[in-house]
Amino acid sequence: MKKIENYINGEYSTPIENRWIDNYNPSTGEIYSLLPNSSVTDVQMAYEAAKTAFPSWSTTSLQHRSDILAKIASLIIENLELLANAEAIDNGKPLSLATSVDIPRASSNFDFFAHAITQFASEAHESMGQNAINFTLRNPIGVVGCISPWNLPLYLFTWKIAPALAAGNTVVAKPSEITPMTAYLLGDICTKAGLPKGVLNIVHGLGNTTGQAIIEHPDIKAISFTGGTATGAHIAKTAAPMFKKLSLELGGKNPNLIFADCDYEKMLTTTLRSSFANQGQICLCGSRIFIERTIYDQFKKDFIKKTKALKIGEPLNKETNIGALVSKSHLEKVKSYIDIAEQEGGTILYGGDYITVKGYENGYYLQPTIIEVTDSNCRLTQEEIFGPVVTIMPFDTDDQALSLANNVRYGLSATIWTNNLNRSMYLAKHIQAGIIWINTWMMRDLRTPFGGVKDSGIGREGGFEALRFFTEPKNVCIHY
Ligand code: TXE
């Protein structure tokens with residue numbers, strides 16, 4: 001059986017205690033590889049390698065650092081097929097999605113920060129009348145920790161690592177234990193790109209042991225984390241007494257507000273994607289759909305028709321729109337929400353059951369599911385289900401739409417469909433979220449701030465925000 005290994009000090013190695021975790025292929029339900037169940041000692045080895053590499057990496061020329069990151073970006077594209085296949089098998093997502101989105105984006109993350117770092121300027125202030133000038137140095141922090149989830153494995157792993165490295169830090173990183181494969185393959189790519197030993201160290205293992213060792217490490221002074229809100233809260237508590245810098249990108253329960261005056265066909269196609277892309281396992285998915293009452297019945301009819309047409313199947317099949325959910329326990333969790341629909345006052349309009357895919361009978365497949373709700377306070381519209389399940393509900397006025405949008409503990413993103421500029425600007429200003437899309441969804445520009453408010457986390461990733469997070473400002477005042 002294939003054994004995934006840690007990547008420490010530029011070399012692959014087995015975990016010190018030789019303990020392993022089963023890695024499942026979600027499309028077959030079978031174990032297809034093993035990954036290290038790394039201990040505190042493995043994390044310490046990764047830390048030591050990163051610490052040793054830091055002085056040289058943090059002082060290497062900007063151009064050299066930028067060239068290496070750009071090389072990693074191009075090697076990811078050269079290995080697109082290998083990585084996309086690995087991602088589809090490991091995660092259950094359609095190969096077409098991994099090929100067109102996940103892996104190209106992992107490459108763009110490196111390419112973007114290879115260039116962004118060369119444009120990252122610091123401030124200077126002349127203190128008038130005091131004969132003084134202040135300028136701000138932006139020093140790398142040192143050894144930083146990056147912890148990522150399973151839904152967009154290489155995409156989100158590199159979204160953290162690339163800016164951390166660009167800013168001159170060295171890294172101890174842990175991908176999700178549920179989807180370790182592409183992070184494992186990245187090690188080899190980094191070696192081939194000429195990344196010096198110890199600059200990036202990848203340690204595999206469980207959250208509450210390996211991950212815990214990273215967040216508890218007293219000398220790892222910054223943690224960038226994407227994952228569940230409960231884990232984020234735990235990390236914040238653990239890190240607080242050590243005054244670690246934290247970037248937490250957590251869950252979402254995003255509203256999709258649809259007004260009668262929108263571009264209907266564009267809205268319908270995009271809403272299908274924002275509901276079910278990646279089996280609904282994207283923190284940005286618009287899982288709470290609110291529709292202006294005048295088009296509610298029409299929308300229901302059309303949306304169900306389009307959802308019915310989606311092809312559910314084996315991820316490697318080119319025809320597949322919806323693959324397998326990531327794990328058996330996640331499948332059960334998502335299904336358990338469908339099972340309480342009725343008692344929560346909901347009506348299942350479409351879907352709601354497991355699916356058996358021929359030849360893949362033990363895979364984790366679920367129908368895309370549309371549930372009509374009458375009360376936005378029910379658990380289905382309040383809790384993050386993180387699967388191919390959306391709720392729909394009508395509204396009558398702009399203010400009602402706004403209050404429905406904000407009636408949730410999360411605040412990651414929101415989508416507004418209208419051609420009325422005043423309405424869209426009013427809502428964009430007042431919806432409590434870090435990201436607003438008007439007449440589109442998940443259109444990304446890597447220069448923009450990415451992250452949420454309320455229980456969706458703290459801090460922003462992307463562009464100079466990420467470089468600010470991964471550097472420590474130091475003001476220097478010169479009196480002349
Ligand atoms: O995430 P976890 P899980 C949501 C989604 C999902 C729920 C739980 O609702 O159902 O979170 O998913 C590591 N110290 N999102 O359980 O546990 C873990 O090993 C340090 C939203 O998979 O938060 C993994 O690498 N690290 C989301 C990472 O944290 C710890 C994406 C995320 O795992 C740790 C995924 C600890 N004590 C799930 N415990 C998004 N925002 O996109 C766990 N980890």
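**Notes on the ligand site and the fold**

1. Around the ligand there are 27 residues, and the closest are Trp150, Glu177, Thr231, Lys333 and Glu384. A residue counts as near a molecule or strand here if one of its heavy atoms lies within 4 Å of it. Please keep in mind that this is a predicted model: local features need pLDDT of at least 70 and side-chain atom pairs count only at pLDDT 80 or more, while totals for chains, interfaces and linings use all residues. Residues are numbered from 1 along each chain as its sequence is written, and side-chain values use heavy atoms, with hydrogens and water left out.

2. An N or O atom in the side chain of Lys333 is 2.6 Å from an oxygen atom of the ligand. Asn151 places a polar side-chain atom 3.4 Å from an oxygen atom of the ligand. Gly227 takes part through its backbone, with an N or O atom 3.4 Å from a nitrogen atom of the ligand.

3. Val334 belongs to helix 11 (residues 328-339); helices (H or I, at least four residues) and strands (E, at least two) are DSSP runs, numbered from the N terminus. Is Val334 buried or exposed? Val334 is buried, at a relative accessible area of 0%. For reference, buried means under 20% relative accessible area, exposed over 50%, and partly exposed in between (1.4 Å probe, protein chains only). Leaving aside residues up to four places away in sequence, Val334 touches Leu325, Leu366, Ile385, Phe386, Gly387, Pro388 and Val389, where contact means heavy atoms within 4.5 Å. Pro388 is 54 residues from Val334 along the chain, yet their C-alpha atoms are separated by 8.2 Å.

4. Helix 14 (residues 421-430) has buried residues at Arg423, Ser424, Leu427 and Ala428. These cover an arc of only 125° around the axis, so they sit on the same side of helix 14; the arc is that of the directions from the helix axis to the C-beta atoms. Leu421, Asn422 and Lys429 are exposed on the other side of helix 14. The cover over the buried residues includes strand 13 (255-258), helix 13 (398-406), strand 19 (413-417) and strand 20 (435-438). At the start of helix 14, a side-chain oxygen of Asn420 comes within 3.0 Å of the backbone nitrogen of Asn422.

5. An open sheet is formed by 3 strands in the order 6-7-23, with antiparallel pairing. Strand 6 (124-127) and strand 23 (471-479) each have a single partner strand, so one side of each lacks a neighbour in the sheet. Strand 6 pairs with strand 7 (residues 132-140) over 4 bridges; two strands pair if DSSP finds at least two bridges between them. Ala124 stands opposite Phe135 in strand 7.

6. Two backbone angles deserve a look. Met442, in the loop between strand 20 and strand 21 (453-454), has a phi near 55°, a positive value in a residue other than glycine. Met442 is buried, with a relative accessible area of 18%. Lys454, in strand 21, also is not a glycine and has a positive phi of about 50°. Lys454 counts as partly exposed, at 35% relative accessibility.

Definitions and conventions:
Polar contact = N/O pair within 3.5 Å; in protein donor to acceptor, adjacent residues only side chain to side chain.
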